[in-house]
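Me: I have a model open and would like to go through it with you. Could we take it piece by piece?

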Amino acid sequence: IAEGAQLNIWDGVGRTSITITQADVGASNGVLQVVSDVLLPRGVLTVSQMLRANVDYFSEFSSQMTAQVIAELDGPGPFTVFVPLDDAVSGVLSPTVVRHHVVRQLLGAANFPAPNVSVQLTTLINLRTTFTSGSQPPAVKNGRSVLATLSDRTATRAVVTDVDFYAANGVIHSIDKVLVP
């Protein structure tokens, strides 16, 4: 591994790459690779902290969380947060819209319902969304696997594209659009 090389590593925040800043540092019992950032184990940060730390995917959504939403998502949970990727967020999201992306239960991919089965989830603003597991093998939409979908007030369902960013008090999944309450 050379200095300046990029490594694709998923840590507890969900980063996709880090840079080797110093390569092949000899030690008495092995070799060290010095990297550009701190790597965190899964489940150390709260959902709120993970959203704010993951600048690669969640910066637009997390930048619009109010102090009240941050405090709520730092609480005991469990939470499942469906976060629109940065390119899906345009404009200001109200606290109501942000809270509509959160359900008070843990729904990791291993616990998704059977393929093509729908369940009702209640968001933090007490509205329901229909969660439907994707097919096996997953269908593809815009180059991404459709792992599940979520309903909102529009005719276009949100597609769950990346799953299982685990936090100490819940899990985060990414979606391809903002959910409209």
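Predicted model: local features only at pLDDT ≥ 70, side-chain atom pairs only at ≥ 80, totals over all residues.

Reply: What follows is a short exchange on the sheet, the cores and a few individual residues.

Me: In which sense do S4 and S5 pair?
Reply: Strand S4 (residues 79–84) pairs with S5 in the antiparallel sense, over two bridges. Threonine 80 has valine 103 in S5 as its bridge partner.

Me: What about S4 and S12, parallel or antiparallel?
Reply: S4 and S12 run parallel and are joined by six bridges.

Me: How many of the residues of S12 are buried?
Reply: Six of its six residues are buried, so the strand is mostly covered. Gly170, Ile172 and Ser174 lie on one side, Val171, His173 and Ile175 on the other, and both faces are covered.

Me: Let us stay with histidine 173. How accessible is that residue?
Reply: Histidine 173, in strand S12 (residues 170–175), has a relative accessibility of 0% and therefore counts as buried.

Me: Which backbone oxygen lies 2.7 Å from a polar atom of its side chain?
Reply: The backbone oxygen of leucine 107 does. Beyond four places in sequence, histidine 173 also touches a number of other residues, including Thr80, Phe82, Gly108, Phe112, Val160 and Asp162.

Me: Changing topic: which residues touch the most other members in the largest nonpolar core?
Reply: They are Val47, Leu51, Leu73, Val81 and Ile172, in a core of 26 residues. Helix H1 (47–53), helix H3 (67–73), S4, helix H4 (95–99) and strand S11 (158–167) supply at least two residues each to this core.

Me: What does isoleucine 172 touch?
Reply: Apart from residues up to four places away in sequence, isoleucine 172 touches Val47, Met50, Leu51, Phe58, Val81, Val83, Val163, Asp164 and Phe165. There is also a second, separate core of twelve residues, with Leu121, Phe131, Ile175 and Leu179 among them.

Me: Lysine 177 next. Is the residue buried or exposed?
Reply: Lysine 177 belongs to the segment after S12. Its relative accessible area is 14%, which is under the 20% cut-off, so lysine 177 is buried.

Me: With which side chain does the side chain of lysine 177 make a polar contact?
Reply: The partner is the side chain of aspartate 152, at 2.8 Å. A polar atom of the lysine 177 side chain also lies 2.8 Å from the backbone oxygen of threonine 156. Among the residues that lysine 177 touches beyond four places in sequence are Pro84, Ala88, His101 and Arg157.

Me: Now towards the start of the chain. Does glutamate 3 count as buried or exposed?
Reply: Glutamate 3, in the segment before S1, counts as exposed at 53% relative accessibility. Leaving aside neighbours within four places in sequence, its contacts are Ile20, Thr21, Gln22 and Ala23.

Me: How far apart are glutamate 3 and alanine 23?
Reply: They are 20 residues apart in sequence and 5.2 Å apart in space, C-alpha to C-alpha.

Me: Last one: how do S2 and S3 pair?
Reply: Strand S2 (residues 18–27) and strand S3 (residues 30–35) are antiparallel, with five bridges. Valine 25 is opposite leucine 32 in S3, and a hairpin through two residues connects S2 to S3.

Terms used
Residues numbered from 1 in each chain as written. Heavy atoms only, no water. Pairing = 2+ DSSP bridges. Helix = DSSP H or I, 4+ residues; strand = E, 2+ residues; numbered from the N terminus. Buried < 20%, exposed > 50% of the residue type's maximum accessible area, 1.4 Å probe, protein only. Polar contact = N/O pair within 3.5 Å; in protein donor to acceptor, adjacent residues only side chain to side chain. Contact = heavy atoms within 4.5 Å. Core = buried A, V, L, I, M, F, W, Y, C linked by side-chain atoms within 4.5 Å.
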